[in-house]
Each structure stands twice: as structure tokens, then as C-alpha cells.
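Me: I have a chain open here and want to talk it through. Can you take my questions as they come?

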Amino acid sequence: MEQIELQLSEFTLRSRSLAVSHRAAGLERGLEPGEPLVVTDSRTGHFFAAAVVDVAFEIEDTVYRLEIGSRIAPEEAADWIADEPDSSTGQVTTREILDLLNELQRSRRFLQAMADDVAR
């Protein structure tokens with residue numbers, strides 16, 4: 001899961017949405033619609049769950065519309081960002097649930113596209 005460090009204004013935290021430039025954020029790869037993220041507020045050090053809700057392609061850049069979710073604890077953010085979920089406890093982690101939901105959403109979009117194709 002990607003982590004993005006941004007300076008979140010009070011307005012952004014109230015509106016729960018902001019546009020992020022791919023270049024300005026220094027992302028290593030493109031983000032997908034529906035992809036969950038961890039956003040760190042560089043001003044306060046707080047962590048927030050977030051998701052990509054829209055992607056706009058420009059000539060020189062890609063701009064993502066992020067929806068900011070709830071504030072999460074630093075330990076939870078570290079778990080989400082970790083390469084592999086810790087399943088040694090035998091319990092399902094928040095990250096595993098997010099991964100499953102993300103996979104379900106991708107499958108739903110794929111099936112909807114197939115149904116739309118058949119309907120034509």
C-alpha cells in the first residue's frame with residue numbers, strides 16, 4: 001500500500017477530499033481508482049486512511065482525487081504500509097480486509113464492463 005505525505009489544511013480535513021499531483025507527490029507508480037492509501041499530514045504527523053476516487057490525465061502530469069477517511073493510529077498505518085500482512089496471530093488484519101475489498105471492487109468493475117459489452 002502506498003503512503004503519501006501531504007500538508008492537509010483544515011479545509012481539506014473538513015471537505016475530506018483533495019487533488020494530488022503525481023509528480024509533486026513523488027509517486028513511484030501510478031495509482032488506481034479505488035486504491036486504498038495512507039496519507040500522512042506533514043503539518044501534524046497524523047495518519048489518515050484514504051482512497052483514490054478519480055484519476056485525471058494531463059499532458060504533463062496525472063492528478064488523483066483522494067478521499068480522506070478516518071484518522072488512524074501510527075501502529076495501524078505501519079501495518080497497512082508493511083509489505084506483507086502479519087498473519088502469525090491467525091486473525092484477519094485490517095490490511096487483509098482492505099486488500100480483499102479492493103480485489104472485489106476490481107472484479108466488480110471488470111464484470112460490469114463485460115456486462116456492458118454484452119448488452120451492446
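Me: Starting with R43, is it buried, partly exposed or exposed?

Reply: R43 has a relative accessible area of 40%, so it counts as partly exposed. Bear in mind that this is a predicted model.

Me: Which residue does R43 form a salt bridge with?

Reply: Its partner is D41, and the closest N and O atoms of the two are 3.8 Å apart.

Me: And D41, buried or exposed?

Reply: D41 is buried, because its relative accessible area is 1% and buried means under 20%.

Me: How many salt bridges does the structure hold?

Reply: Four. Among them is one between R29 and E2, where the closest N and O atoms are 3.3 Å apart.

Me: Where do R29 and E2 sit in the chain?

Reply: R29 is in the loop between α2 (22-25) and β3, while E2 belongs to strand β1. They are 27 residues apart, and the pair links distant parts of the chain.

Me: What else does R29 meet in a salt bridge?

Reply: The side chain of E35, at 2.3 Å from N to O. Shared partners join E2, R29 and E35 into one network.

Me: How accessible are R29 and E35?

Reply: R29 has 36% relative accessibility and counts as partly exposed. E35 is at 8%, so it counts as buried.

Me: Now the largest nonpolar core. Which residues touch the most other members?

Reply: L6 and L66, in a core of 17 residues.

Me: Which strands supply it?

Reply: At least two residues come from each of β1 (2-6), β2 (17-21), β3 (36-41), β4 (47-57) and β5 (62-72). The largest share, four residues, is from β4.

Me: What does L66 touch, leaving out residues up to four places away in sequence?

Reply: L66 touches I4, L6, R16, S17, L18, V20, L37, V39, A51, V52 and V53.

Me: What lies apart from that core?

Reply: Another core, of six residues, including F47, I72, A77 and W80.

Me: Back to β4. Is F57 in that strand buried or exposed?

Reply: F57 is found in strand β4. With a relative accessible area of 69%, F57 is exposed, because the cut-off for that is over 50%.

Me: How far is F57 from L37?

Reply: They are 20 residues apart in sequence and 19 Å apart in space, C-alpha to C-alpha.

Me: What about P74, where does it lie?

Reply: P74 is in helix α3, which covers residues 74-81. Its relative accessibility is 48%, so P74 counts as partly exposed. From P74 to Q3 there are 71 residues in sequence and 12 Å in space, again C-alpha to C-alpha.

Me: How much of the whole chain is buried?

Reply: Buried residues make up 29% of its 120 residues. The chain exposes about 8,000 Å², and carbon and sulfur atoms supply 51% of that area.

Me: What box do the C-alpha atoms fill?

Reply: Roughly 50 × 45 × 25 Å, taken along the principal axes.

Me: Last one, the charges. How many positive and negative?

Reply: There are 12 positive and 23 negative charges, and their mean positions are 7 Å apart.

Definitions and conventions
Residues numbered from 1 in each chain as written. Predicted model: local features only at pLDDT ≥ 70, side-chain atom pairs only at ≥ 80, totals over all residues. Heavy atoms only, no water. Core = buried A, V, L, I, M, F, W, Y, C linked by side-chain atoms within 4.5 Å. Buried < 20%, exposed > 50% of the residue type's maximum accessible area, 1.4 Å probe, protein only. Contact = heavy atoms within 4.5 Å. Areas by Shrake-Rupley, 256 points an atom, 1.4 Å probe, with all protein chains shown as cover. Lys, Arg positive; Asp, Glu negative; His and termini not counted. Charge placed at Lys NZ, Arg CZ, Asp CG, Glu CD.
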